[in-house]
Amino acid sequence: MEERYDSWPVKAYTYSMIIWGLASLLYGVVISLQLVYPGLNFGEWFSYGRLRPIHTNGGAFGFGLSGIFALSYYMVPRLAKAPLFLPKLAKFNFWLYNLTIAAAVITLHLGFSTTKEYAELEWPIDILVVLFWVFFAVNMLGTILTKTVSKMYVSLWYVIATILGVAVLYIFNNLAVPASLFKSYSLYAGVNDANVQWWYGHNAVAFVFTTPILAIFFYFFPKVTNLPLFSHRLSIVAFWSLVFMYLWTGAHHLIWTPVPDWLQTVAIAFSLMLIAPSWGSVINGYLTMGNNWEQMKTNYLAKFFILGITFYGLQTLQGPSQAIRSISSLIHYTDWVPGHVHMGTMGWFAMTIMASFYYVIPKIYKTDLYSVKLANTHFWLVFTGQIIYSISMWIAGIMQGAMWKATNADGSLKYTFQDSITASYIYWDIRSIGGIIFLAGAIVFAYNIFKTIQQGSQASKVKTEGAV
Amino acid sequence: MSENQVNVLERKPVILIIVTLLVILIGSVVTALLPFFMEGMEVKISTVRPYTALELEGRDIYMREGCNNCHTQTVRPLRDEVLRYGEFSKSGEFAYDHPFLWGSKRTGPDLARIGGKYPDSWHVQHMTDPRSLVKESNMPAYAFMATTPLDPSNIKSKMGALRTVGVPYTDEEIAAAPELLAGKTEMDAMVAYLQVLGTMINKAAVETVVDSATVSPVVPDSLVTTPETEVK
Ligand code: HEM
Ligand code: HEM
């Protein structure tokens, strides 16, 4: 049965996931240290303003998309009970995709940037992104359309939403008029540009950090725990409300800016409503565990997934609260936001993706995981690293917000801006330590995966040689 | 939704794809597309003009160096913010900003009203070596700008591209641009851009914007001036 499914793309994207993953984490540690030791800005190619977008794009589109691609190529044919639609195209697309990401890293180092967050890449690279996305879509949708099962499991729904969502968002946010090969100007101006950008930006959260990860969660979580999903119906209801609501919330990134009040209010209202579908998924995960919570002790993978969905649950309570005007006025623009961001990216996003590879790699290499002990070490390292990161940034964020607001009895400002920077250094130090611990966890993960691959390849070599 | 309809969606991928796309488009059309056709989105301010060639080059360097990763360019209508940075930002001030550069993180202070705050020489010194002026700053040094001559070869196509997206540059302005850049360094351009930021709106213009509240989406003036009403 297994042989029906092409494992080449899964294997290939595993490598690119590890390479881009470790690279983007390393960039993360470097920019974190640069904020404390500005001497680490080595010349223009390696200065903070150019490295930060490499970290964010590398995390989302290098590490994240590689993981999402690998796991989609694994689960979509299995869920559709159909072979991969065009295996040759998948091979070609792997190289196109990696070429694009490498070009992205290089051009961002060179300073070719549109500055729009998570859409910094200049127009020639945007075209490559659209191409690899279309090829991915063709393969996934083609496989789904040739399915031999009657019902589509909810993971397929989320894959479809991901494909459509990213396509619509990416194209419309990146429309620009080129002035030269690596310079273009956004089609939109000022307030409209900001509004379109954050419609995109928040929905990058929706369609890169959320829907594909829910697809992965709903497929792999029941697999690793050997428990049926608590409610398919609940997951479908959550799907429609999530996909409907997310698109209305972009302006919650623009609270108190010149964007019209009605847009801000609509975004705030929909942000609050988003708690319902988000928690629909969280509860579905928890109830799937049913009476089997002892797996938290006996099954290392249950731990990863439950912690991942818990971080998602916390994230989707914190996010809506940040959208509220009074809270936004305190934490917007401060380090609170990176605290929020990394609970989602390090906790939910990276945790869920990495855990799924612990399941997939032994399956396709027909072997056992090299070391469960190391997987547990990985778990505790990334968990500790993430907690240190977010908590230090939440404290720093509230402190900065409060210092910026504080006034003396006569109504004058109590602190200069510099005072808030000086007071932040200790937290940026602590954050860097958290990041290094997280990176160490990721290295343990990479080692464990490589060893498992090696073990599986050797075993299959012995087998084939034995047959001869 | 009846049991039947759910079944169709679960069984027929083409229908699922179409319905999902429509559902995604509803919120997108209302919140991202519709505003383009709404009057209140961008209030015209007569004193706001397109950037000069030199300022534009400075803005492009600002984008190239990713200053927006540490600096915002919007003053919110909150009391402390107006005290710290100056008049809160108006939609019309960004009419020629392709793209907008509002940013999302204040590792450094807001720069929306930086123009005129310091003399040119302060900026040159600060960009060259921030810590020589502000001891505990973590801003990177950009000393190379002072020694890098501006490359005027692209300015015409840049202004042409901006004209395509709606910035009203005249043929004469575009033709004269390369000459204006001759002999200038990247530092000259950077400083020219910083010095114009937030200065195109004068007090009188602010008042008219706030008065014409019918079209103005900006937060009422009272929020800014009365100390007790910092946040509603
Ligand atoms: C070793 C672990 C990591 C470290 C040390 C790290 C460090 C950082 C730093 C220093 C920033 C800039 C914050 C600022 O502007 O003040 C940042 C931003 C960001 N990072 Fe990470 N990061 C790590 C892991 C990740 C991962 C796994 C992702 C996943 C995609 C990620 C995604 C992002 C995003 C999206 C932002 C932008 C946040 C915003 O605009 O508010 N990071 N990171
Ligand atoms: C119900 C769901 C969520 C809501 C309503 C929400 C809301 C928000 C809000 C209001 C901000 C802006 C904060 C500010 O700048 O003042 C924000 C930032 C952000 N959130 Fe969330 N959030 C949600 C879930 C998530 C999830 C699951 C992730 C996954 C990683 C995530 C990632 C981010 C990122 C990357 C940013 C930073 C954007 C930037 O400034 O560059 N959010 N979120």
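What share of the 468 residues in chain A is buried? Buried residues make up 65% of the chain, where buried means under 20% relative accessible area with a 1.4 Å probe and protein chains only. The structure is a predicted model, in which local features need pLDDT of at least 70, side-chain atom pairs count only at pLDDT 80 or more, and totals for chains, interfaces and linings use all residues. Residues are numbered from 1 along each chain as its sequence is written, and side-chain values use heavy atoms, without hydrogens and water.

Chain A contains 16 helices and two strands, taken as DSSP runs (helices H or I, at least four residues; strands E, at least two) and numbered from the N terminus. Its radius of gyration is 22 Å, close to the 23 Å of the globule rule for 468 residues, so chain A is as compact as a globular protein of that length. The radius is taken over C-alpha atoms, and the rule is 2.2 Å times the number of residues to the power 0.38. Along the principal axes, the C-alpha trace spans about 85 × 50 × 50 Å. Of the contacts (heavy atoms within 4.5 Å) between residues at least 6 apart in sequence, 83% join residues at least 24 apart.

Helix 10 of chain A covers residues 275–289. Its buried residues include A:Pro277, A:Gly280, A:Asn284 and A:Met289. A:Gly290 follows helix 10 and has a positive phi, near 45°.

Note on methods
Chains lettered and ligands numbered in written order. Buried < 20%, exposed > 50% of the residue type's maximum accessible area, 1.4 Å probe, protein only. Expected span 1.5 Å × (residues − 1).
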